[in-house]
Amino acid sequence: LNNLALLHQAQGRYGDAEPLLKHSLAIREKALGPDHPDVGASLNNLGGIHFQRGELERAVACHSEALAIREREQDEIGLAQSHKSLGIALYRQGEMDEAAKHLEEALALYRLAAALPGIDPRGVHMHIGSQITDLSPFRNAFALLKELVDELRANSFAIDFVNLGGGLGVPYRSDEPAPPLPAEYGRLVRDTVGDLGCKLLFEPG
């Protein structure tokens, strides 16, 4: 169910994806318990659907619940993902102070990673969703990412690459709105993070 929902999400079929994710979440809660990491993953995915539909309050609620589960389970990778997702949703809501708190949590996780043997954090990776047909979410997310990179560098992390993910929409039907052209997306990247002085990676398609 979860994988089918993610396929619908990638195609921009959020109305089809949401009930599947809710059903998957209910099954995982019953079979694994409400604090299992897989329940946190389902909540994070459901929050992503709400975010892409512009339902920011519901997105924040899902990401907050996922974060609480991952904190209890000490799921470090999941924690980083939840802090990023929640921070971006709060930023979109205009709650800058709350968003900044999650940037601080991200910094703490970088410090934790740097203290582990054999790990040298040198990059930042983000992905805000799929089938996005408006450049505004990218502009907001890239601005937040730039703040994080600046903060990491100010704390002696040598960030030399940034992965901006993907998400630019593709129309699957003739009645769907045309997404921005890749050239428009490229100009936005140049204007928002082009001066970071590091390698930029993308995941189109």
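1. Glu71 sits in helix H4, which spans residues 56-73. Helices here are DSSP runs of H or I with at least four residues, numbered from the N terminus. The model is predicted, so local features need pLDDT of at least 70 and side-chain atom pairs count only at pLDDT 80 or more, while totals for chains, interfaces and linings use all residues. Residues are numbered from 1 along each chain as its sequence is written, and side-chain values use heavy atoms, with hydrogens and water left out.

2. Glu71 counts as partly exposed because its relative accessibility is 45%. The classes are buried (under 20% relative accessible area), exposed (over 50%) and partly exposed in between, with a 1.4 Å probe and protein chains only.

3. The largest nonpolar core has 40 residues, and Phe142 and Leu145 touch the most other members. H4, H5 (76-93), H6 (96-115), H7 (136-154) and H8 (182-193) each supply at least two of its residues. H7 gives the largest share, eight residues. A nonpolar core is a set of buried Ala, Val, Leu, Ile, Met, Phe, Trp, Tyr and Cys residues joined through side-chain atoms within 4.5 Å.

4. The salt bridge count is 11. The rule asks for a side-chain nitrogen of Lys or Arg within 4 Å of a carboxyl oxygen of Asp or Glu.

5. Asp150 pairs with Lys146 in a salt bridge, with the closest N and O atoms 3.4 Å apart. Asp150 and Lys146 are four residues apart in helix H7, so about one helical turn separates them. Asp150 is partly exposed because its relative accessible area is 36%. Lys146 is also partly exposed, at 22%. Elsewhere, salt bridges that share partners join Glu18, Lys22, Arg53, Glu55 and Arg58 into one network.

6. Two further pairs deserve a look. Asp16 and Arg13 meet through their side chains in a salt bridge, at 3.0 Å from N to O. Asp16 has 37% relative accessibility and therefore counts as partly exposed. Arg13, at 32%, counts as partly exposed.

7. Asp120 forms a salt bridge with Arg122, and the closest N and O atoms are 3.2 Å apart. Asp120 counts as exposed because its relative accessibility is 52%. Arg122 counts as partly exposed, at 33%.
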